[in-house]
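Please examine the structure shown below before reading further.

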Amino acid sequence: MDRATLRERLEAVVGAGGVVADPSELVVYEYDASDEAIAGRHRPDFVVLPETTEQVAAVVRLAREYGLPVTPRGAGTGLAGGAIAARGGIMVVLTRMNRILEINERDRYAIVEPGVINLELSTATLPRGYFFAPDPSSQRACTIGGNVANNSGGPHCLKYGVTSNHIMGLEVVLPSGEVVWTGGPVPESPGVDLTGVLVGSEGTLGIVTKVMVRLTRNPEAVSVLLAPFPTIETASNAVSAIVAAGVLPAALEMMDRLSIQAVEAAFHAGYPTDAGAVLLVEIDGLAEAVAESADAITDICRQHDATEVRVAASAEEREALWFARKAAFGAMGRLTPNYYLQDATVPRTQLPPTLQFVEELSREYRLRIANVFHAGDGNLHPLILFDRYEKGAIERVLRAGTDLLTYCVERGGTVSGEHGIGLEKKDYLTLIFTPDDLAAMAGLKRSFDPLAYFNPDKVFPTSFSCGELAAVKAAGVPVSGGLGLEDVI
Amino acid sequence: MDWGSRMSSDRLSTVRNLEALSDGVARRDPSAYPVDGVLPAVALAPATVEEVSACLAAADEAGLAVVPWGGGSHMALGNHVSAYDVALDLRALNAVVQHEPDDLTIAVQAGCTVAALDRHLANHGQILPIDVAQPERATIGGLLATGLAGPRRFGYGALRDLLIGITVVLPRGTVARGGGMVVKNVSGFDMMRLYYGSLGSLAVITQANFKVIPRPRAQRTVLARFSSLAAAARAAEAVRMSQLAPTAIVAVNEAAARQADLPAAAWSVGLRCEAPPVAVARQAERIAEAIGAEAAATEVIDHDGTEPLWQRINLALDAAPAEQTIGVRVGAAPSQLVTVAEAMIASLTALDLEPALTLDFGSGLAYVRTAGDPGVLLRAWDELARLGAHATLLTAPAAIKRSTEVFGREPQGFATMRALKAEFDPRGTLNRGRFIGNL
């Protein structure tokens, strides 16, 4: 590759200010929000910051011509290494495409560029009576494009569903260089649901350049309850009882004692530091229904030994409780130099034994583990606290993580609920999928990207035992190197 | 795609070949499986996933064209079949595989009917909200393949949005799964969305996992009559923009009202309320208030009357094919729906056709049925196909289907759809020619 020529050609597309090529500046793009000891770090050859769809398409065509991998990236808040340039090449950073292009209340959608920050969208639409339902905890920083790539979740997914349920259409630059619009303001577009396939594909099938998101009407009434419990076990039993009772809250979140301590040290939001765990429950909908559900949930919490059930008295109090909950990961800095944030889902009835297992792991591996998670969805987020300079710590953290994922799968769960597979989790997919399952996914990948140059080395497993490897190869799954350009160009 | 066609003697020997390879699989009378008036040479009814796999692998190997069947209620959807050797009846695969009531999840085999699933869930106070005209016939697999969803999509989303896991058999006989049994899952690609709505052109769905929801404990329907479409639309929009949260908003014209056995009116609007008992009466009252100024008459249908009423509306919206009749669905954003509906009415009345029109104001879909001579119906479809964001010929006589693309205009991204078909079904074994662009 003639580096100087390529740089000139990239600059001709996005301007000199849109290309990063200096190694000292590229270093900040070597990682995302995943722990580098776990997902690794890789330097892209170039970072480009396009401002238009046409520029993205032109950059993609150049990458194709030069046989270089393309890695799309938003704010870099991903937790699984999905936005790391695993094989170098060109990283396409979409943060300059950050305009809200249209808000259409009558047809309940907005069209945004991928670099729009999640919270900014709802901030813009809330006064008009609408919101964008997916609300990952990183919503003050993460981009809508990143939400699409990862099919992001968030507390309110319990009632409203994940990102995929709220994406109506996408403008996307395909690996072929073609720019297409999928979906649109009306459901049931004939043909394959390309929108649905692209959401959650972690930038391996295309680069999204515009997103048509569904806006949800603000509910008539909202109520937030805070219920402290003596133990994490009593709290998780209450969660199972609430779900089983046929009451569907908008959000049902749990924090354990360690998390509460971190959050209170950082924000003083009013969480009781002496509780073993707290549940944060939001109920919304028609006023009468909200009142009834709040009563029902209060009763269930009391039956399961809640020490009290407090109703947030004002919008400000609700905000403060939610702010602290969503900033809990950041607050962990009060407790630890490093943490490994795990993400797994179990069927909701399996929460009590799974949380007990987390406690056992904590003892077995001599690691403090904080739990702050979307209990109503069965989506666990154990934060394994460690110090990366302590000898052997990383190994224990990784072993605890593997044990946890294995346990969750045995209980009918899965290896990632909302953070994605990226680099971090790809070798765990064989816990849940057979070589034939993965081969079908690889067929999907091939249909979009036969050259395998979009976000290579992500999602698909690369390390296997010998026997597994043979089976996987026989089933036609691209394995280590198989997704690399050198093999196909 | 041009898959070509084979000589009949060739077909006979390959079918014998298939019969040998699928030995032990139950047979059915092929004359019960017509598609576009074409009959298959053989009809197989596998009882296990292994048998589905064996049948498909054998057919694929022999180059035979397979049409998967559920209850057959929506076999009219799709382009005219270009070859049809084997009917694969999946109704024997009808078990509830796993139901975890306290997790609000269920796994069912594809051949389970909508009615059977609903009875099962009702015992546990749960639902999977599906609107179809023939619930005793329509199967879960068939609904997923067609990707059709009725008016409650507005309140609950489509089956697409409740689907959390899937098992399919690929044309070569491989069993492949996606997703799982948990409500939040980003492990691997979203294969559910790939197969949903792909009309069985990529794989045969054998099992689907869903998140279910608590069964609403109380229902009401506000049913109002209007003298004009404009007035009906203003009322529908007032409620759609409000916080009153109905689960469906549908308008029907006089002809469709006759099919749904509703009181005669130029336009009728039904608004469905599903909520806890403590809230539902007031919800219906407030909705009735909100539309009162526009409506000529308003009534509130009680809990027991609501389900049958919507069943009749589904009959108008999701009507079975009939002689000399076409059914067309035109999509238009809710704010554009009136303009598009007026254009549909104008096109059809200019051809002396009487349109029975059902408008799903929640989602932005207009359904029309009309009867006439084939030549006139083809002209009608040609005109309707130009309207809205997209248009689909849902049901039509075979003669009309043979000379048109039933999925209307080619969507963007079609090259990728073609690549998917080539990757998943390279020999064109499944539903040959029936999917969009004859894929």
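At what angle do the axes of helix α1 (residues 3–14) of chain A and helix α4 (residues 53–66) of chain A cross? In this predicted model, the two axes cross at roughly 165° and come within 9 Å. Because angles over 145 degrees count as roughly antiparallel, α1(A) and α4(A) are described as roughly antiparallel to each other. The crossing in which α1(A) passes α4(A) is right-handed. On the side of α1(A), the residues that take part are Leu6(A), Arg9(A), Leu10(A), Val13(A) and Val14(A). They meet Gln55(A), Ala58(A), Val59(A), Leu62(A) and Tyr66(A) in α4(A). Sorted by class, this contact has eight nonpolar residues, one polar residue and one charged residue.

The crossing of α9(A) and α14(A) is right-handed. From α9(A), the residues Ile232(A), Glu233(A), Ser236(A), Asn237(A), Val239(A) and Ser240(A) meet Leu351(A), Pro352(A), Leu355(A) and Gln356(A) of α14(A). By class, the contact of α9(A) with α14(A) comprises five nonpolar, four polar and one charged residues.

The view may now be widened to whole domains. Chain A is divided into domain 1 (3–93), domain 2 (100–217), domain 3 (221–410) and domain 4 (426–488). Between the C-alpha centres of domain 1 of chain A and domain 3 of chain A there are 36 Å. Their contact takes four residues from domain 1 of chain A and seven residues from domain 3 of chain A. On the side of domain 1 of chain A, three of these residues are nonpolar, none is polar and one is charged.

Chain B is divided into domain 1 (1–215 + 409–439), domain 2 (218–317) and domain 3 (325–402). The C-alpha centres of domain 1 of chain B and domain 2 of chain B are separated by 34 Å. To their contact, domain 1 of chain B gives nine residues and domain 2 of chain B gives 10 residues. The side belonging to domain 1 of chain B has five nonpolar, two polar and two charged residues.

The next subject is the contact between the chains. It takes 75 residues from chain A and 70 residues from chain B. Several elements of chain A each supply at least two residues to its side, among them β9 (179–183), α9 (232–244) and α11 (287–303). Which element gives the most to the side of chain A that touches chain B? It is α17(A), with nine residues. By class, this side of chain A has 31 nonpolar, 29 polar and 15 charged residues.

Finally, one residue of chain B deserves attention. Leu365(B) is placed in strand β18 (residues 365–371) of chain B. Is Leu365(B) buried or exposed? It is buried, because 28 other C-beta atoms lie within 10 Å, and 20 or more are required for that description. Leaving aside residues up to four places away in sequence, Leu365(B) touches Val186(A), Glu188(A), Arg329(B), Gly331(B) and Asp360(B). Leu365(B) and Gly150(B) are 215 residues apart in sequence, while their C-alpha atoms are 9.5 Å apart in space.

Conventions: Residues numbered from 1 in each chain as written. Chains lettered and ligands numbered in written order. Predicted model: local features only at pLDDT ≥ 70, side-chain atom pairs only at ≥ 80, totals over all residues. Domains from an automatic or database assignment. Contact = placed C-beta atoms within 7 Å. Nonpolar A, V, L, I, M, F, W, Y, C, P; charged D, E, K, R; others polar. Helix = DSSP H or I, 4+ residues; strand = E, 2+ residues; numbered from the N terminus. Buried ≥ 20, exposed ≤ 12 C-beta atoms within 10 Å, placed from the backbone. Left-handed = near helix turned anticlockwise from the far one by under 90°. Axes fitted to C-alpha atoms, helices over the stretch in contact; angles between N-to-C directions. Parallel < 35°, antiparallel > 145°, perpendicular 65-115°, else oblique.
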